[in-house]
Amino acid sequence: MSGSVEYTRDSERPAPAGKGERVADWADGRLGINTLAKSQMRKIFPDHWSFMFGEICLYSFLILILTGVWLTLFFEPSGSEVIYDGVYTPLKGIQVTRAFESTVDISMEVRGGLLIRQIHHWAAIVFVAAMLVHMMRVFFTGAFRKPREVNWLFGWTLLFLGIITGLTGYSLPDDLLSGTGIRFAQGAILSVPVVGTYLSFFLFGGEFPGDAIIPRLFSVHVLLLPGIMLGLVVAHLILVFYHKHTQFAGPGKTEKNVVGAPFLPIYIAKAGGFFFLVFGVLAIMGAVATINPVWVIGPYRPDLVSTGAQPDWYLGFSEGLIRVMPSWEINAWGHTLELGVFIPFSLFPLILMAIAVYPFIEAWATGDKREHHIADRPRNAPVRTGLGVAWLTLFAVLMVGGGNDIWATHFHLSINAITWFVRIACFVGPVLAFYVTHRWCMGLQLRDREKALHGRESGTIKRLPHGEYVEVHVPLSQGELYTLTAHEQPKPYEIGPEVDAQGVARKVSRGERLRARLGKAMYGPSAQVPKATPEEYLEIQQGGGDGHH
Ligand code: HEM
Ligand code: HEM
């Protein structure tokens, strides 16, 4: 045994100098944090404005927990009925549930209650929006590629759970809007073949609405889902640390290094400041912008539905799916299969799932097994960028469908015309969006090539001695040239010869053919404008090297 480390006692160590050092030494002796801190605290983070969205997710999530815990002090998750007798006169004498009454009390009687409630609700809205934008940043830059696929799935799960947590949250106050939302969810559950009715009875503890659903949703909302999400967020951030953050191409940046500022002290100071900025903005929103005024909406009654009932924005697309779906129904053997609800209900996770599995489909189609730490510029991956915009277009079109009544009343349009527009746009919109985005990306690639070869247009027009007008082009710096040409242009996956050396046809599976076609779409000539080569550059600079054309 090599003794010295094993037998070192605290008394043998040199005495720590200052008080701070003594505390650090005490903690290190018990938690061993020194080694961890030494290796992780100086971790380098690259800087780019788009890396801020993950932070907004994190801070709004923390704010949701802080404000949510505060709300549990006053909110009563109870479906038992009482006669309202609080300070809000218009509701006096009306039968409401304790959940509803306590939410009105939080808003009217608890000091600062309305502010915190509104911050909680606004934070939920910003949280999911930040997750969507963060996800699209990761998507468009290809930051989901190896080794970050698992972290992509962690993130995706967070988005999915975030949406469900929002749904369970705004169902709690038991106002007319939230009750309508629960009714909507119950309708979707009922449409599930064979087990739907049993599932509904199980979840609601009997007939709808019953008095069990609010307490049940409460446990799910304040404990189960946030608990899982907290664990996932920690795992997500550990993986961000472990993989190191991606960076955009630039001079000195490679697949093997990270260029940026150290976590401590620079990044942590910025991050701390940014947390308070996000909190400040949410507090202003909570202070000045009314959200979910349950006292105006009124308590839930199963026989009522208010006009203009809308879910929070992130569930608008699922509402749209239901609203624009034709009301197909099959009646057989005394049972009804409600396809008009069941199909949209099944499509809801599928639309989200499409984005979850994308990294694996792309890796399969390209046959790319390498690690990637340099982020792609969206223009250099036109198929991926096109697919992302197509997905967003579908999401937006369905949201319009979810608000068809609002569009109809606000813009004096026929609700049927909007429904038909959405039905057609669901199919045409994404294809059109893909095509336009793809062309746009190719145009930008061409422009990059031109810029690299001929320099930037200066706006200065020069007249040559023989009368010709030319625009003076300023050559790019070496750094800019590097950045514009740093991206790889991989070759697409190929099937290889279809006959062997003896001329015998080889069996090529359909999967292989599909893979080759997808690979060609992604990396073929239709997706990549050949980037400027050093030879072409030198030829232009030396040949017609007057800096213009
Ligand atoms: C509670 C929700 C989330 C939190 C708190 C969170 C937080 C973060 C943070 C702070 C970063 C580093 C900074 C940045 O790149 O913005 C990051 C990176 C990342 N996030 Fe998230 N995120 C969340 C949701 C998501 C979602 C919905 C996805 C995708 C579906 C995702 C995928 C990723 C990936 C792949 C990275 C690594 C990116 C890179 O290295 O370039 N995250 N996340
Ligand atoms: C992951 C994040 C969360 C989201 C997206 C979320 C979302 C929401 C939403 C939209 C509401 C309705 C607010 C309203 O009345 O207008 C709500 C209510 C509520 N949330 Fe959350 N929440 C989250 C986390 C939490 C946590 C961690 C707790 C507590 C530990 C909590 C406790 C509550 C309570 C008690 C209510 C009912 C009070 C009320 O409606 O005013 N929430 N939540």
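Reader: How do the residues of the shell around ligand 2 divide by class?

Author: Into 15 nonpolar, 11 polar and 1 charged. Ala, Val, Leu, Ile, Met, Phe, Trp, Tyr, Cys and Pro count as nonpolar, Asp, Glu, Lys and Arg as charged, and the others, Gly among them, as polar.

Reader: What kind of model is this, and how are things numbered?

Author: This is a predicted model, where local features need pLDDT of at least 70, side-chain atom pairs count only at pLDDT 80 or more, and totals for chains, interfaces and linings use all residues. Residues are numbered from 1 along each chain as its sequence is written, while chains are lettered from A and ligands numbered from 1 in the order in which they are written.

Reader: Back to ligand 2. Which residues come nearest?

Author: Gly-68, Ala-124, Gly-169, Pro-226 and Asn-292, out of 27 around ligand 2. A residue counts as near if its C-beta atom, placed from the backbone, lies within 6 Å of the molecule or strand.

Reader: Which elements give two or more residues to that shell?

Author: α4 (52-72), α5 (98-108), α6 (113-140), α7 and α10 (213-243). α4 gives the most, with 7 residues. Helices (H or I, at least four residues) and strands (E, at least two) are DSSP runs, numbered from the N terminus.

Reader: And ligand 1, which residues come nearest there?

Author: Gly-54, Cys-57, Ala-143, Gly-155 and Thr-246, of 25 around ligand 1. The elements giving two or more residues to this shell are α4, α6, α7 and α10. By class, the shell around ligand 1 has 16 nonpolar, 7 polar and 2 charged residues.

Reader: New topic. At what angle do α7 and α14 pack?

Author: About 175°, with the axes of α7 (residues 149-170) and α14 (residues 339-366) 9 Å apart. So α7 is roughly antiparallel to α14. Axes are lines fitted to C-alpha atoms, for helices over the stretch in contact, and angles run from 0 to 180 degrees between N-to-C directions. Under 35 degrees counts as roughly parallel, over 145 as roughly antiparallel, 65 to 115 as roughly perpendicular and the rest as oblique.

Reader: Which residues make the contact?

Author: Glu-149, Trp-152, Leu-153, Trp-156 and Phe-160 come from α7, and Leu-352, Ile-355, Ala-356, Pro-359 and Phe-360 from α14. Contact requires C-beta atoms, placed from the backbone, to lie within 7 Å. The α7 and α14 contact has 9 nonpolar, no polar and 1 charged residues.

Reader: Where are the cis peptide bonds?

Author: One joins Lys-146 and Pro-147, with omega about 5°. Pro-147 is in the loop between α6 and α7. Another runs from Leu-264 to Pro-265, with omega near 5°. Pro-265 sits in helix α11 (residues 263-288).

Reader: What is the phi of Asp-174?

Author: Positive, about 60°, although Asp-174 is not a glycine. Most residues other than glycine have a negative phi. Asp-174 lies in the loop between α7 and α8 (176-190).

Reader: Is Asp-174 buried or exposed?

Author: Buried, because 27 other C-beta atoms lie within 10 Å. The cut-offs are 20 or more other C-beta atoms within 10 Å of its own for buried, 12 or fewer for exposed, and partly exposed in between, with C-beta atoms placed from the backbone. Lys-244 also has a positive phi, near 70°. Lys-244 is partly exposed, with 16 other C-beta atoms within 10 Å.

Definitions and conventions
Contact = placed C-beta atoms within 7 Å.
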